Amino acid sequence: MANFFYVIIHQGICRDVKTDQPKQETRRGGNRAVIFVYATEGLENMAFISIAVSLVTYFYGYMNFSLTKSATTLTNFMGTAFILTLVGGFICDTYLSRFKTCVLFIIIELLGYALLAVQAFLPQLRPIPCKGVALSQMNKCEAADTSQVAILFTGLYMVALGTSGVKAALPALGADQFDDKDNPKEAAQLSSFFNWFLFSITIGAIIGVTLVIWVSSNKGWEWGFGICFVAVLFALIFVCMGKSLYRNNEPKGSPLLRILQVFVVAIQNRKLPIPENAEELHEIHDKETRIHDEILQRTEQFSFLDRAAIIRSTHDSTTTTTTQGPWRLCTLTQVEETKILIRMLPIIFSTVFMNTCLAQLQTFTIQQSTTMNPYIKGFKVPSSSIPVIPLLFMFVLIPLYDMVFVPLARKFTGIPTGIRHLQRIGIGLVLSAISMAVAGVVEARRKSVAFEHNMVDSLEPLPMSLFWLGFQYAIFGAADMFSLVGLLEFFYAESSAGMKSLSTAISWCSVAFGYFLSTVVVEVVNKASGGWLANNNINRDKLNYFYWLLSVLSVVNFGAYLLCASWYKYKKVEVKQSDSIAEGNKVEMAIV
């Protein structure tokens, strides 16, 4: 089996196609190539989202986890899936091409779904499901033993690792198919790519939260995990089908190592004066440079790092010797690459809380829906399919945004994306605060219905449609459309050429930190409030207070984001055309 996968990646249908010849390069990339990226993302996300929104039900009803443990296990799984994107991004930029990284991690994800399907199919690999038991008796159900939990977590975290690599590499692979520097037409297409990438995510998610979840709920979880396995298998096939059309990146070495070198050299040169003229700092203007002739111009922020681009010299009676090397001298572009990452960090941290709110919608809202009337015109809607409401909203809104709003805004602003990335993210943060406020109102209404009909401890559904939950989900869907695409595009556009995948991974880390913070927030609020969310019966919890608290904190978070966004300085790039450089290696530096 291992040899089979090695052949797939290195020698078989998934082999990279080299793009060294300019004539061949011009025939690659563009919208033809990204069709396969869209298909791959849609299929992979169909599988991932279907389990992301329904695993609480699986943990609670089939693995006999408590309600709190079910929610915590899901948020930890989701957080890990997104934080591991840093691993995929690092591998992309350092060792493998984005294409090979996608193939490798899709195979890992495939094996994870296979293991989960086997566990769901074989009763001896899981405890006897504790279904139909009164809420007050749930603590008496048989718990999963150590081996059963180990199998579950192995499968889950193989899926988490696999999807993390795909999320880090696939958006950058798609964006690489457009040349936003030398081709104005492709620059506009790059702007649209991220919108349509989210559209493919949305289509996959719609199928996942409807068809796949319906199969899991009505035919068995082994069928649900089996469909996920097949979907990811076809994702692997589609990404390989486009190999002859891709513009493949060449790994340029570890961006983390380059950043570390800047700090080390800057500390070594801490006593040297900083030159006022940027032309006095070390830079290489060479057509063979490994950053595709992208030269980053000097910025004033974090000027102490500029010392890393100052050359140190030693003098004796006859000669002057200059000491060079990656740990003794850095280029100005390398310094600016480090500054970009530092400037990005406050932006990513100020968007974390929005994803904490998203984590609550994916856990507590699903539990709310299990207590409500699931029927619409005689058809029973699985509670885990409630997220289809914001997805349908996004399905309509994304094309309107890309084909109507962006062209109109572009006429007034002259910006290819219509509005700036940071403005788009800010709109998403505002909408998330509104969504939490609405969620609190809906939950207050749901609890009042439970008390009015004396159904607080009943297992019967309340006489209130679960589609009431659609209001908060729809608003948050719009928030996600603005913020997620804004973050992906912002980090891809602002990062240097040598760390595109890692920067894309960093944008996903906002989601990861949000999920991890969600677990902490729930525990802290429980202790500070005396147990708002401590009951195993959601009808006796004070979830509406919790939602309103999140809304208030979201407003505070938006204020912090405004400060970070106003402080951020967009990068300045000087593009050197290779055929216009008549001189050989030109080095500009300050000699001290």
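Here is a short chat about reading salt bridges in this predicted model.

Q: What do I need to know about the model first?
A: It's predicted, so local features need pLDDT of at least 70 and side-chain atom pairs count only at pLDDT 80 or more, while totals for chains, interfaces and linings use all residues. Residues are numbered from 1 along each chain as its sequence is written, and side-chain values use heavy atoms, with hydrogens and water left out.

Q: How many salt bridges does the structure hold?
A: Side chains of opposite charge can pair when their charged atoms come close. Here, a salt bridge means a side-chain nitrogen of Lys or Arg within 4 Å of a carboxyl oxygen of Asp or Glu. The structure has six.

Q: Which residue does Arg98 meet at 2.4 Å, N to O?
A: That's Asp176. The pair links distant parts of the chain, 78 residues apart: Arg98 sits in helix 7 (residues 98-121), Asp176 in the loop between helix 8 (146-175) and helix 9 (184-218). Helices are DSSP runs of H or I, at least four residues, numbered from the N terminus.

Q: Is Arg98 buried or exposed?
A: Buried, at 3% relative accessibility. The cut-offs are under 20% relative accessible area for buried, over 50% for exposed and partly exposed in between (1.4 Å probe, protein chains only). Asp176 is buried too, at 16%.

Q: What about Lys339 and Glu336?
A: They form a salt bridge with closest N and O atoms 3.1 Å apart. Both are buried. They're about one helical turn apart because three residues separate their positions in helix 12 (residues 332-350).

Technical notes. Helix = DSSP H or I, 4+ residues; strand = E, 2+ residues; numbered from the N terminus.
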